[in-house]
Structure formats: structure tokens, C-alpha cells
Amino acid sequence: LTWGLVDAWAQSYYIDQAPSDHGGAAMLQIADLNFKSQVLTPTTDAMWEEAWNVVANCNNLAQQVAAADSSLFAKGAYERRMIEGEAVGLRAFMQFDLLRIYAPAPASKGYAEDTRTFIPYVDTYPSYVNPHRTVAECLELVIRDLKRAQELLLPVDAVSDMDSDKRFSLNGTVSALFTEARGYRLNYWAVTAELARVYLYAGMEDEAYAEAMKVIEEEQETGYFEGSTSSYDIEENGNMKLIENIIFALYSPTELVEWEQAINYVVSSGSESYLCMDSEVANQLYGSEAETDWRMLYQLEPVYYNYYYRPLKYHEQVSGKSFAEKNNPTIPMLRMSEVYYIAAEAIFDKDPEEAKSYLSYVKRLRGVRDTDYSAVARKDEFVELLVNDMRREFFGEGQMLYQYKRLNRTMPAMSAYDDPVLPTDENVVLPLPDSESNIN
């Protein structure tokens, strides 16, 4: 759901260059919108089942912790709140992603009036009968749970050290890491950023802006998520994922090995295969900023006579590089840059200059300076600029499909030889698996 299926579905890759095995075959099918392909459905069925298993585990954990006495926890009420808040937040996080995959976005149809049902929302354990709900009902429950997670986690993370050296530190005892390394946990600021994301998806711009500003004000006061880095840190020190900018990430020590061996530089029949961006698409995407934008200069690598650019975001950094220990096992899930995108889009109608300043700020932290948006007067023009920068920022992170759906926007073609993909339900809603009635 990061560099794999969802990015392929969003037409982010020139998929014809991808390997036909090691997961590449499923990506080929979803990029071609062959949702019922026998090559794809084993992967998507497993995705569905594993997602609901995570939800069930979160529900079980949340219920048991809520019923337990604080004296059972090593750090008392603090630890109890932390565990329950994370579990409640994670079940909302997971089910929001499922909603975005298996149901149309509110923008495609007035969702308040849309009575169609798509997926269940499960918040108890065990749960054997799970009626499907409307998009509006699911969003209401996601918001409810994220607000509850905020209440639980605010006192926890009010005293957490969220500096990037601490929130992604793997040093220390096991007991210390359980309550530290908050970047690898669904911390309060991640829950707040996710709530802003949900509100914007639901078309609730005022609420999205209010939540985004909570995180922005924290960043401005503490510098925790500023993402201030240097080209030297990226190129020479291995900060390929721009760690300082990440609010919430997953930890996976095998992710880079799988990416390198299974997806990039797979040799088949004497030729190399890899996930990549078509060079014409990249040139159009970056335009005149290609010579300064660090995402073009350092996160993409020209291959095959410069016809393609392969992503380096998940390229394993050697152990001698100072950021390697944090960079290599980290899978970005929520970035501070997205919070600025949300705030910018949500406030544009009321304060275009404030909105423009947020986009300029993100670009400046990526090496692009002297941006001039004085000629941008309409919101659709500004959203065009936002989407362009999102495509640079989220490449390999599985977020662009959701942006296209949320905006009811045509997906750009993967190459000059392919067609754009219209945001119809047939193209951007994954059919439910045959096993969907067996959720436990």
C-alpha cells in the first residue's frame, strides 16, 4: 500500500518496465484496471483479510486495556492511555484506508445523499455480523475514533520528546523504546494530521484547517517536524526519505531488501526490469524546477539512456552513512508536508496568500526557492500546483490515488503513449473480494 499496488493503480509508474514476478505482475494488472484478474485477486484478497485482522487486533487490545486497572501497567495511567489511544487511532487509520480503496470518494457524488453501502466499520471484538455502511457513516465513525484517540494521547505526547533524533531512535532498552521512539507509533500529532486528512477527504475544509493548524503551530514552536535538511544530508549522509519531515512511520527492517531484490533491477531474460517514472512525465512534472528540486536531483535516478527515472527513496543506504540506521527501516506514512498541503487547500478561499505561503514553504525545504504565485488567482489553478508538488513528494508512498479520488480528478497517464484514467467508480473503486462476508 506504499510503493506497490496503490502507486501502480495511480499510474505513478511506467508499469511496462516493471518486473513480471515478485509482485510486479499484480501491479501490472491493477495499473491496467484489471481488478478481477486472477493474477491480482490473490494479492488484493490477502490485503483485505490482513487489514481486517489488524482492525480486530486493535479492537481486542483497546477493549482489554480499557477494562484493565492502571496498576497493571508499568507506567500506570500514562501507559494505559498510550496503548488504548494508539489502538483506537489505528483501527480508524486502517478503516479509512479501506474506505478510500473500496468506496467512492465523497466528491464523486454528494455523499450525504448517497445511500449506497460499501464496507463495514468494526469497533468491537469479537464481531461476527458486520453490516456495510455508507461513506458518510464510515467517515463519521472514523472521525469519532480519531477524536477519542486525540483525547487519550494528548497527555501522553505532551511530555514526549518528538525531536527526530528521539522519535526515530532505535537505541535504548526495550522497556524504554516501548514508550519512546514515538515516530514509529501513532502519536498524538499523527492522529491530528490523520484527522485533518479525513476532514479534507470529507470536504470539511474548516475542520481540516483547524486540525492542520494544531500540528503547524507545534512545528513552528518546537521545530519537531520542520523537515529542514540539506542536499548534502540526502546525497552523502543517506537521508533519502527526509526523516525529519515524517510525523508517523512504520518500522520494517526487511522492506529495503524486498524493494531492491524483488522490484528494482530484476534481471529477466537478460534485461533489467524496475519500477520507474517515464522521463517525459518527469520532465513535465518538474519543469523549470528540475535543476533545483532535491526530489528530482536525489530521489530519482536516470536509467536506460535517460528514458526512465527509477525511485531511490527505498534504495538501501550503506551503514557508514549517518542517516542509514533511521532511513533504511522507515516506511513513511504521514508527512508534515501533507499537513501544509491540507492547510493550504483548506484556507485558499479565505486567505489565498496564506495558502500560497504554505506551498512555498514546502518547496523551499526541498531546494526550490524564489517561487512566485502572484499570478495565481483561482483555486483550481492553485490546486493544480498543489497536485504537482504532491506527485513529487508522495512518489513511492501510496498517496496519489487518494488525492485524485478526493478531488474527482483525472489521473495523468503513466507515459506519453498511454491514456489518462478518468475518476469513475469503475476505475477508482476496488471491488470487494468474494470473501468479504467472512470478517471476524
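In this predicted model, helix 4 passes helix 8 in a left-handed crossing. The two axes lie 11 Å apart and pack at an angle of about 30°. Angles under 35 degrees count as roughly parallel, and helix 4 and helix 8 are therefore roughly parallel to each other. From helix 4, the contact takes Phe93, Phe96 and Arg100. These meet Glu194, Val198, Arg197 and Tyr201 of helix 8. By class, the contact of helix 4 with helix 8 comprises 4 nonpolar and 3 charged residues, with no polar ones.

Helix 15 and helix 16 form another packed pair. Their axes are 8 Å apart, at an angle of about 160°. The cut-off for roughly antiparallel is over 145 degrees, so helix 15 is roughly antiparallel to helix 16. This crossing of helix 15 with helix 16 is left-handed. Helix 15 contributes Ser337, Tyr340, Tyr341, Ala343, Ala344 and Ile347. Helix 16 answers with Pro352, Glu354, Ala355, Tyr358, Leu359, Tyr361 and Val362. Of the residues in this contact, 11 are nonpolar, 1 is polar and 1 is charged.

Helix 16, residues 352-364, also packs with helix 17, residues 379-393. The axes of helix 16 and helix 17 come within 11 Å and cross at roughly 20°. Helix 16 and helix 17 are therefore roughly parallel to each other. The crossing is left-handed. On helix 16, the residues in contact are Ala355, Lys356, Leu359, Val362 and Lys363. On helix 17, they are Phe382, Leu385, Leu386, Asp389 and Arg392. The contact of helix 16 with helix 17 holds 6 nonpolar and 4 charged residues, and no polar ones. Ala355, Leu359 and Val362 of helix 16 are listed in the contact with helix 17 and in the contact with helix 15.

The structure holds 8 cavities of 30 Å³ or more. Strand 4 (277-278) and helix 18 (400-406) are the elements that give two or more residues to the lining. By class, the lining of the largest cavity has 9 nonpolar, 2 polar and 2 charged residues.

The second largest cavity has a volume of about 100 Å³. Arg100, Arg197, Leu200, Tyr201, Glu338, Tyr341, Ile342, Met390, Tyr402, Gln403 and Arg406 form its lining. Helix 8 (188-201), helix 15 (336-347) and helix 18 each give two or more residues to this lining. The lining of the second largest cavity divides into 6 nonpolar, 1 polar and 4 charged residues. Arg100, Arg197 and Tyr201 line the second largest cavity and take part in the contact of helix 4 with helix 8. Tyr341 likewise lines this cavity and belongs to the contact of helix 15 with helix 16.

Most residues other than glycine have a negative phi, and most peptide bonds are trans. The peptide bond from Tyr125 to Pro126 is cis, with omega near -10°. Pro126 lies in the loop between helix 4 (76-102) and helix 5 (135-157). Tyr304 is not a glycine, yet has a positive phi of about 50°. Tyr304 is placed in the loop between strand 5 (300-303) and strand 6 (308-311).

Conventions
Residues are numbered from 1 along each chain as its sequence is written. This is a predicted model: local features need pLDDT of at least 70, side-chain atom pairs count only at pLDDT 80 or more; totals for chains, interfaces and linings use all residues. Side-chain values use heavy atoms; hydrogens and water are left out. On a 1 Å grid over the protein atoms alone, a cavity is a set of points where a 1.4 Å probe fits but cannot get out, and a pocket is an open set with protein on both sides within 12 Å along at least five of seven lines; lining residues have an atom within 4 Å of a point. Grid points are joined across faces, edges and corners, and a volume is the space filled by probe spheres set on the points. Helices (H or I, at least four residues) and strands (E, at least two) are DSSP runs, numbered from the N terminus. Ala, Val, Leu, Ile, Met, Phe, Trp, Tyr, Cys and Pro count as nonpolar, Asp, Glu, Lys and Arg as charged, and the others, Gly among them, as polar. Axes are lines fitted to C-alpha atoms, for helices over the stretch in contact, and angles run from 0 to 180 degrees between N-to-C directions. Angles under 35 degrees count as roughly parallel, over 145 as roughly antiparallel, 65 to 115 as roughly perpendicular and the rest as oblique. A crossing is left-handed if the near helix is turned anticlockwise from the far one by less than a right angle, and right-handed if clockwise. Contact means heavy atoms within 4.5 Å.
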